[in-house]
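Hi everyone, thanks for coming along. I have one structure to walk through today, so let's bring it up.

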Amino acid sequence: MSNCGHASIRVMRPDDLDTVMKLWIEGNTDAHDFIPITHWNSNFEAVRGMIGNADIRVYDDEGVKGFIGLDGDYIAGLFVCRACRSQGIGKALLDSVKDDHGSLTLNVYVKNSKALAFYLREGFTRMKEDIDEVTGEHEIVMMLS
């Protein structure tokens, strides 16, 4: 994070969409190297269409550096730009939605150990293990209440 103090978390604007999608594809391919990149590429346009109707909040520090996407109380995604990871942006985004929700749920792939450790550190608990029908990968359903 920059030291200028101008960082803010705000609702996504239409002109943020290209940056948000860049963060989405970059984040998914970085964190999920066990899933073929063709999976993410083939879902790109569908996700781009859904993001316009989702509750998306962005971390803006002289440009969008990360975002969190919610579908009700379900965290559909949390992404931070590659150069800005491990600087508190993901935590800030997560904290920004905690107060608005009585509980939050999410799914995280078992093999995504960094994300799993992050969510455990932030107070989420494991509810059950499942298999993602689309990718065949094991995932953990987590909850924060």
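Before we look at the helices, a word on handedness: a crossing is left-handed if the near helix is turned anticlockwise from the far one by less than a right angle, and right-handed if clockwise. With that in mind, α1 passes α2 in a right-handed crossing. Please remember that this is a predicted model.

Let's stay with that pair. Two packed helices are described by the angle between their axes and the distance between the axes. Here α1 covers residues 17-31 and α2 covers residues 37-51; the angle is about 150°, and the axes are 10 Å apart. The cut-off for roughly antiparallel is over 145 degrees, so α1 counts as roughly antiparallel to α2.

Who makes the contact? On the α1 side we have Leu17, Asp18, Val20, Met21, Trp24, Ile25, Asn28 and Thr29. Facing them from α2 are Ile37, Trp40, Asn41, Asn43, Phe44, Val47, Arg48 and Ile51. Sorted by class, that contact has 10 nonpolar, 4 polar and 2 charged residues.

Now α1 by itself. This helix has 15 residues and spans 21 Å from its first C-alpha to its last, close to the 21 Å expected at 1.5 Å a residue. Its buried residues are Leu17, Val20, Met21, Leu23, Trp24, Ile25, Glu26, Gly27 and Asn28. And what do the buried residues of α1 pack against? They pack against α2, and also against the strands β2 (55-60), β3 (64-71) and β4 (74-80).

Next, the backbone, for those of you who like torsions. Most residues other than glycine have a negative phi. Glu62 is not a glycine, yet has a positive phi of about 55°. Glu62 sits in the loop between β2 and β3, and counts as exposed because its relative accessibility is 63%. Ser86 is another non-glycine residue with a positive phi, near 65°. You will find Ser86 in the loop between β4 and α3, and with a relative accessible area of 83% Ser86 is exposed too.

While we are in the loops, have a look at Asn53, between α2 and β2. Asn53 is exposed, at 72% relative accessibility.

Moving on to helix α3, residues 89-98, which holds Ser96. Is Ser96 buried, partly exposed or exposed? Partly exposed, because its relative accessibility is 21% and the cut-off for buried is under 20%. Leaving out residues up to four places away in sequence, Ser96 touches Ile9 and Arg57. Ser96 and Tyr74 are 22 residues apart in sequence, with 14 Å between their C-alpha atoms.

Last stop: Met142, in strand β7, residues 138-144. At 0% relative accessibility, Met142 counts as buried. Which residues does Met142 touch, not counting those up to four places away in sequence? The list includes Leu104, Thr105, Leu106 and Val108, then Leu116, Tyr119 and Leu120, and also Phe124, Thr125, Arg126 and Met127. For a reference point elsewhere, Met142 and Leu78 are 64 residues apart along the chain, and their C-alpha atoms are separated by 14 Å.

That's my tour, and I'm happy to go back to any view you'd like.

Note on methods
Residues are numbered from 1 along each chain as its sequence is written. This is a predicted model: local features need pLDDT of at least 70, side-chain atom pairs count only at pLDDT 80 or more; totals for chains, interfaces and linings use all residues. Side-chain values use heavy atoms; hydrogens and water are left out. Axes are lines fitted to C-alpha atoms, for helices over the stretch in contact, and angles run from 0 to 180 degrees between N-to-C directions. Helices (H or I, at least four residues) and strands (E, at least two) are DSSP runs, numbered from the N terminus. Angles under 35 degrees count as roughly parallel, over 145 as roughly antiparallel, 65 to 115 as roughly perpendicular and the rest as oblique. Contact means heavy atoms within 4.5 Å. Ala, Val, Leu, Ile, Met, Phe, Trp, Tyr, Cys and Pro count as nonpolar, Asp, Glu, Lys and Arg as charged, and the others, Gly among them, as polar. The expected span of a helix is 1.5 Å times one less than its number of residues. Buried means under 20% relative accessible area, exposed over 50%, partly exposed in between (1.4 Å probe, protein chains only).
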